[in-house]
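Please take a moment to look at the sequence and the 3D picture before reading on.

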Amino acid sequence: MRESGERGLPHHRRRRVRLPARLFGYAGCGPSRPRDGDADAPYYRPLGLDGEPKNFLKAKPQTDRSKCTGCGVCAALCPMGSISREDPAEVTGVCIKCHACVRNCPTGAKYFDDEAFLSHKAMLERDYTRRADAKIFL
């Protein structure tokens with residue numbers, strides 16, 4: 001049964017919820033570095049070796065055609081289905097940079113050549129060499 005003030009209103013207009021102002025702040029701003037599990041933490045911003053933010057959203061794996069045999073292993077393993085089965089050198093969809101194609105290519109024909117992506121990968125390999133303990137957030 002509805003309360004008298006809610007009758008006839010769409011469900012999204014029945015109750016007004018006031019969201020905390022911190023949800024509308026600019027990501028990356030703030031005097032201190034966020035801790036693990038911090039709900040106010042900014043979104044992840046990939047950095048390069050120089051410490052500057054890098055943008056490599058459109059980076060896609062390349063194919064060395066002299067090495068590629070057209071076996072289709074890369075296309076079969078791509079979790080996004082972005083690699084063409086007819087021409088494995090053609091990446092038609094979104095690449096999530098999982099490296100499944102690079103790691104599993106039997107001839108080593110797949111590789112990344114985007115400078116921003118390679119710089120970020122090198123920074124991760126340099127700065128995060130130890131295995132982290134599992135953390136549970138409740």
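Is Thr 63 buried or exposed? Thr 63 counts as buried, because its relative accessibility is 13%, where buried means under 20% relative accessible area, exposed over 50% and partly exposed in between (1.4 Å probe, protein chains only).

Before going further, a word on where these values come from. This is a predicted model, in which local features need pLDDT of at least 70 and side-chain atom pairs count only at pLDDT 80 or more, while totals for chains, interfaces and linings use all residues. Residues are numbered from 1 along each chain as its sequence is written, and side-chain values use heavy atoms, with hydrogens and water left out.

**The whole protein**

The protein has four helices and two strands, taken as DSSP runs numbered from the N terminus (helices: H or I, at least four residues; strands: E, at least two). Along the sequence they follow the pattern α-β-α-α-β-α. Of the 138 residues, 22% count as buried. Now consider contacts, meaning heavy atoms within 4.5 Å. Among those between residues at least 6 apart in sequence, 54% join residues at least 24 apart.

**Around Thr 63**

Thr 63 lies in strand β1. Leaving aside neighbours within four places in sequence, Thr 63 is in contact with Cys 68, Pro 88, Ala 89, Ala 109, Lys 110 and Tyr 111. With Lys 110 there is also a side-chain to side-chain polar contact of 2.7 Å. A polar contact is a pair of N or O atoms within 3.5 Å; within protein, one must be able to donate a hydrogen and the other to accept it, and residues adjacent in sequence count only if both atoms are side-chain atoms.

**Helix α4**

Let us move on to helix α4, residues 115-127. Its 13 residues reach 18 Å from the first C-alpha to the last, close to the 18 Å expected at 1.5 Å a residue; the expected span is 1.5 Å times one less than the number of residues. At the N-terminal end, Asp 114 caps α4, with a side-chain oxygen 3.2 Å from the backbone nitrogen of Ala 116.

Which residues of α4 are buried? They are Ala 116, Phe 117, Ser 119, His 120 and Met 123. Seen down the axis of α4, these buried residues fall within an arc of 160 degrees, so they line one face of the helix; the arc is that of the directions from the helix axis to the C-beta atoms.

One of them, His 120, has a relative accessible area of 6%. Beyond its neighbours within four places in sequence, His 120 is in contact with Tyr 44, Pro 46, Leu 47, Gly 48 and Phe 56.

**The aromatic cluster**

Phe 56, Phe 112 and Phe 117 form one aromatic cluster. Rings of Phe, Tyr and Trp (its six-membered ring) pair if their centres lie within 6.5 Å; planes under 30 degrees apart count as stacked, over 60 as edge-to-face and the rest as tilted. By this rule there are two aromatic pairs:

| Pair | Centre to centre | Angle between planes | Type |
|---|---|---|---|
| Phe 56 and Phe 117 | 5.2 Å | 70 degrees | edge-to-face |
| Phe 112 and Phe 117 | 4.8 Å | 45 degrees | tilted |

Why does the pair of Phe 56 and Phe 117 tie together parts that are 61 residues apart in sequence? Because Phe 56 lies in the loop between α1 (11-14) and β1 (62-63), whereas Phe 117 lies in helix α4. Both Phe 56 and Phe 117 are buried, and Phe 112 counts as buried at 9% relative accessibility.
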